[in-house]
Amino acid sequence: MKPSARTITITHTAESGPAPQAPATLLAAWRWWLAPALLALALALLFADPFIGDWDALDYTINAVHGTPSTMALGRILFIFFNHALWLFAHKVFQLQVEQAYLLFKYAVAVQGALAVVACWALARELSGSVYTATVAGLLVAVSPVFVMYSGQVMTDVPSVLIVAVALVMHLRGLRSGRVWLVLCGAALLGAGVNVRETVMFYGPWLALAPFVCGWKFRAKEIGWTLVACALFLLMALAPFALWYAANPHDYREAWRGWRETMSAEIARHPVELSNIYQFLLFFFALSPMTVVALPAAIRQEWREKRLSPLLLAALVGLFANILLFFNYSTVINWRYFLTG
């Protein structure tokens, strides 16, 4: 049967990675991912910040109540308007008062943290084909000190982990099954994630390289769909902010330029220097000591056994995303950015 325009036939090889083992569906595997997810939720509630949290959280809370994007970076539009819809619902249905809005957003992030662990479990199972590996991966995420701390704050870091993991699972499943619509949905969702946290943009290389690591051939059709996925990613990443910026020529533009001036002052105060490597490595290690220690040996072993497999590519893209943080002044003063990778 000749493949249609919406599907691509793929022959799995050893290099394309093992197929996920039974249980095949996420629901059927609930015994494996439930414990890490509940642990993540319990830790988030136990160590939740009793106050509003980082100063960004105040900004996000005010913006979410009013339904206006943040003036930071690309506006965190998806994060802000999701919380705005949540606020409108709780205010109308449960008469939640405005002074309690940050509590609503805080506990929404705690729930998203548990869901992020499930999504990371699914991604690890998809990449490794092992429920054992996936469960260890889920536990590593759940007990990461940075993940725990920011699962109890109105911040974008943990929601971005959720959206990246879900997007990569969708994209990877689409690649392996030949379902182009799923590949495009994964790319679009990953692009939308840039409007939660801008560092999601660092996962762009996955969209360009993963199809051919997963078994797609360098033929016109496969290259064309890969380019379409990359274009969709960029459209979803940049269009929301561009439209809002164009539609609000006065107040928002001035506030956004004020943010840029503030960033320039902070960059001058915390310049990017080679000496920052110590703080960079310290924060990277604090994120997940076991991951950092095991990573070099794991990369070497995977390369020896399978060369550039989907599992190895995912690890390298995540590592690439964190290495790029070195060139941002904020990395040496705040460890939460390392949740990016």
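## Basis of the model

Residues are numbered from 1 along each chain as its sequence is written, and side-chain values use heavy atoms, with hydrogens and water left out. Because the model is predicted, local features need pLDDT of at least 70 and side-chain atom pairs count only at pLDDT 80 or more, while totals for chains, interfaces and linings use all residues.

Helices here are DSSP runs (H or I, at least four residues), as strands are (E, at least two), numbered from the N terminus. Helix axes are lines fitted to C-alpha atoms over the stretch in contact, and angles run from 0 to 180 degrees between N-to-C directions.

## Helices α8 and α10

Helix α8 spans residues 180–193, and helix α10 spans residues 220–247. Their axes are 7 Å apart, at an angle of about 30°. The two helices are therefore roughly parallel to each other. (Angles under 35 degrees count as roughly parallel, over 145 as roughly antiparallel, 65 to 115 as roughly perpendicular and the rest as oblique.) The crossing of α8 and α10 is right-handed. A crossing has that hand if the near helix is turned clockwise from the far one by less than a right angle, and is left-handed if anticlockwise.

On the α8 side, the contact (heavy atoms within 4.5 Å) uses Val180, Val183, Leu184, Ala187, Ala188, Leu190, Gly191 and Ala192. On the α10 side, Trp225, Val228, Ala229, Leu232, Phe233, Met236 and Ala237 take part. By class, the contact of α8 with α10 has 14 nonpolar, one polar and no charged residues. For these classes, Ala, Val, Leu, Ile, Met, Phe, Trp, Tyr, Cys and Pro count as nonpolar, Asp, Glu, Lys and Arg as charged, and the others, Gly among them, as polar.

## Helix α14 and its partners

Helix α9 (residues 204–213) packs on α14 at an angle of about 165°, with the axes 10 Å apart. That makes α9 roughly antiparallel to α14. Their crossing is right-handed. From α9, the contact draws on Pro205, Trp206, Leu209, Ala210 and Val213. From α14, Pro310, Leu313, Ala314, Val317 and Phe320 join in. The contact of α9 with α14 holds 10 nonpolar, no polar and no charged residues.

Helix α13 (residues 289–306) also packs with α14 (residues 310–323). Here the angle is about 145°, and the axes are 10 Å apart. The crossing of α13 and α14 is left-handed. Leu295, Ile299, Glu302 and Trp303 of α13 meet Leu311, Leu312, Leu316 and Leu319 of α14. This contact of α13 with α14 has seven nonpolar, no polar and one charged residues.

## Cysteines

The disulfide count (a disulfide is a pair of cysteine sulfur atoms within 2.5 Å) is zero. Cys120 is in no disulfide; its nearest cysteine sulfur belongs to Cys214, 18 Å away. Cys120 is buried, at 14% relative accessibility. (Buried means under 20% relative accessible area, exposed over 50%, and partly exposed in between, with a 1.4 Å probe and protein chains only.)

Cys185 is in no disulfide either. For Cys185, the nearest cysteine sulfur is that of Cys230, 15 Å away. Cys185 is partly exposed, with a relative accessible area of 34%.

## Loop residues with positive phi

Arg76 sits in the loop between α2 (55–66) and α3 (77–94). Its phi is positive, about 50°, although Arg76 is not a glycine. Arg76 is buried, at 7% relative accessible area. Apart from neighbours within four places in sequence, Arg76 is in contact with Tyr60, Ser70, Thr156, Asn195, Val196, Arg197 and Glu198.

Gln95 lies in the loop between α3 and α4 (101–128). Gln95 is not a glycine, yet its phi is positive, near 55°.

Ile223 is in helix α10. Ile223 is partly exposed, at 33% relative accessibility. Setting aside neighbours within four places in sequence, Ile223 is in contact with Phe212 and Phe218. Its C-alpha is 9.1 Å from that of Ala208, which is 15 residues apart from Ile223 in sequence.

Asn328 is in the segment after α14. At 35% relative accessibility, Asn328 is partly exposed. The C-alpha atoms of Asn328 and Pro271 are 8.8 Å apart, and the two are 57 residues apart along the chain.
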